[in-house]
Amino acid sequence: MANETHPQSATPGAAYARFHQRSLTDRDAFWSEQAALIDWHTPPTQVCDYSNPPFARWFVGGTTNLCHNAVDRHLATRGDQAALIFVSTETNQERTYTYSQLHAEVQRMAATLQSLGVVKGDRVLLYMPMIPEAAFAMLACVRIGALHSVVFGGFASVSLASRIDDAQPTVIVSADAGSRSGKVLPYKPLLDEAILLAAHKPAKVLMVDRGLATFTRVAGRDEDYATWREQHAGTTVPCEWVESTHPSYTLYTSGTTGKPKGVQRDTGGYAVALAASMRHIFCGNPGETYFSTSDIGWVVGHSYIIYAPLLTGMATLMYEGLPTRPDAAIWWSLVEKYKVTVMFSAPTAVRVLKKSDPAALSRHDLSTLRALFLAGEPLDEPTAQWISQSLGRPIIDNYWQTETGWPILTICNGVEPAPSKFGSPGKAVYGYDVKLFDENTGEELHGAGQKGVVAIEGPLPPGCMQTVWRDDARFVNTYWKSIPGRMVYSTFDWGIRDEDGYYFILGRTDDVINVAGHRLGTREIEESLSSHAAVAEVAVVGVADALKGQVAMAFVVLRDASRAEKPEDALKLEGEMMKVVDEQLGAVARPARVRFVAALPKTRSGKLLRRAIQAVCEGRDAGDLTTIEDPSALYQIRDLLAPR
């Protein structure tokens, strides 16, 4: 899959504009061409069935397999080439698996899952650190037609339990522990507690023992992966050819209510979208090395650690560790050692590196690196300029969501090279009919510099979510009915578009916050804090932060205000509440601060004025407060935050 050449035009951007327009106006022909990038067992008979909006069915009638396309089809020509490179600075391990070795390991895992009762259509929940067995398990699931549901290893028992109940897995695959900054983080006690809390009880738990933490096995339920792996040496497990529309996985994303949404992804459309993105956006070629610094618990890890690089015939680098350990040059040493050509990270990680020794960026040979892609949260202009100047390589921002599975906005240099604009993720990607709408009237906004809700006209392109797992009504009501008079997919992000067609993302329209690229529902954090016996009422908002993009700030009304009258008592209570969030949701959801107030600002009809609280926290004008019931509630928050 060498990169295509596209006719250049004397007018900059004209070639890409034609490419993008064709993807919308000649949709079926366009995506039929992209579908040739993957193997089909049975060719599709229809490119897109949009007879039941907003549900899109892509490559109808076609049968394929995600694992075949990621692994098996490369064996004849790339069997001895590196496929998966595992590096852990936590355990000081480095292992490289060729495509042939990856094929063997995936079959061993697939045979094990089948032995434990997993069949096509079953769910397998993964609660795993960044280790090769996690990749084997994901690929093994799609190989046999099962759905994987990966839960980020940083989530605690309550969050994990809610996902177990929603996915209803036949088997859970986990490990004894993860590790962060040299500190062992036991997983098994959290998993045991989650299963205790969950109404659904998995038949089996498959444990990968890394030797990092001792754990207790539950008789009759817990199985040892090493034992099963040994039994299945040399076992052949053929790929299950599934319909293109067969679900490949579910992945949970926080929403505006406490219950996370299970984003359901298909098989054929996802494979085509990822293969096309590697050609047109990331410009990755077979035999090269791709390094995404994400975690498999997030969508970037699904799409651009596991699937897209392998679909392309690249080696993918899977990293367990921090960007600053053992020093701030670790990533760049890996770029040099493994000749990384394309790298994908997050703005928060770059801001962390910015605080380190600048010499770390020039210590290693980065000549193979063509570009650094950044996504997960808005990329601020100073950070973009700093890393661009420090690396001397193109920095390409991109904007997308768990729901879409691949970029919505970026620069498609594989189609036509174009400049980036600092602060902008770029233009609308082919296949996406991106528009801006007035939140209140539903009017489409055409002019440059007009602020509106970023939305997408249906059908969503291949690779995007099919629906919310087992909840079609929630899919329609949440995503397609939020803009008055319009049946369009809302991203729930504010944006503006300049005269050149570049978009700038301004923040969320709902109650989801973005902490270092991790999407967190404020309602989830509020519910967790509310479980503390001292809490009468709580509000959590996302506040701009120079390092993490946003942090959660909590404001609590106590049942007994006297409990926080003394500073030392307030501090102790704050610590208790943070511990509750740690235990229920995980440290990733812990608020930066918990502040105690006498009342929360509300409208006279009882609606919490979240945006006003957020504005005060960020030092901005709180806007129209004519409907506020008690202005003193907002003044108290302002006074609490005033510098002393």
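These legends describe close-up views of a predicted model.

**View 1. Thr-491 in its strand.** Thr-491 sits in strand S26. The strand covers residues 488–497. Thr-491 counts as buried because its relative accessibility is 0%, and the cut-off for buried is under 20%.

**View 2. Contacts around Thr-491.** This view shows the residues that Thr-491 touches, leaving out those up to four places away in sequence. They are Tyr-399, Gln-401, Ile-408, Val-454 and Arg-508. Gln-401 is 90 residues from Thr-491 in sequence. In space, the C-alpha atoms of Thr-491 and Gln-401 are 8.1 Å apart.

**View 3. The largest cavity.** Rolling a probe the size of a water molecule over the atoms shows where empty space is left. Across the whole structure, a search finds 6 cavities of 30 Å³ or more. The largest cavity holds about 100 Å³ of space.

**View 4. The lining of the largest cavity.** The largest cavity has 13 lining residues. Nearest its centre lie Ala-56, Trp-58, Cys-464, Met-465 and Gln-466. Strand S2, residues 55–60, gives the most to this lining. Its share is 3 residues. By type, the lining of the largest cavity has 8 nonpolar, 3 polar and 2 charged residues.

Note on methods
Residues numbered from 1 in each chain as written. Predicted model: local features only at pLDDT ≥ 70, side-chain atom pairs only at ≥ 80, totals over all residues. Heavy atoms only, no water. Helix = DSSP H or I, 4+ residues; strand = E, 2+ residues; numbered from the N terminus. Buried < 20%, exposed > 50% of the residue type's maximum accessible area, 1.4 Å probe, protein only. Contact = heavy atoms within 4.5 Å. 1 Å grid on protein atoms, 1.4 Å probe; cavity = no way out; pocket = protein on both sides within 12 Å on 5 of 7 lines; lining within 4 Å. Points joined across faces, edges and corners; volume = space filled by probe spheres on them. Nonpolar A, V, L, I, M, F, W, Y, C, P; charged D, E, K, R; others polar.
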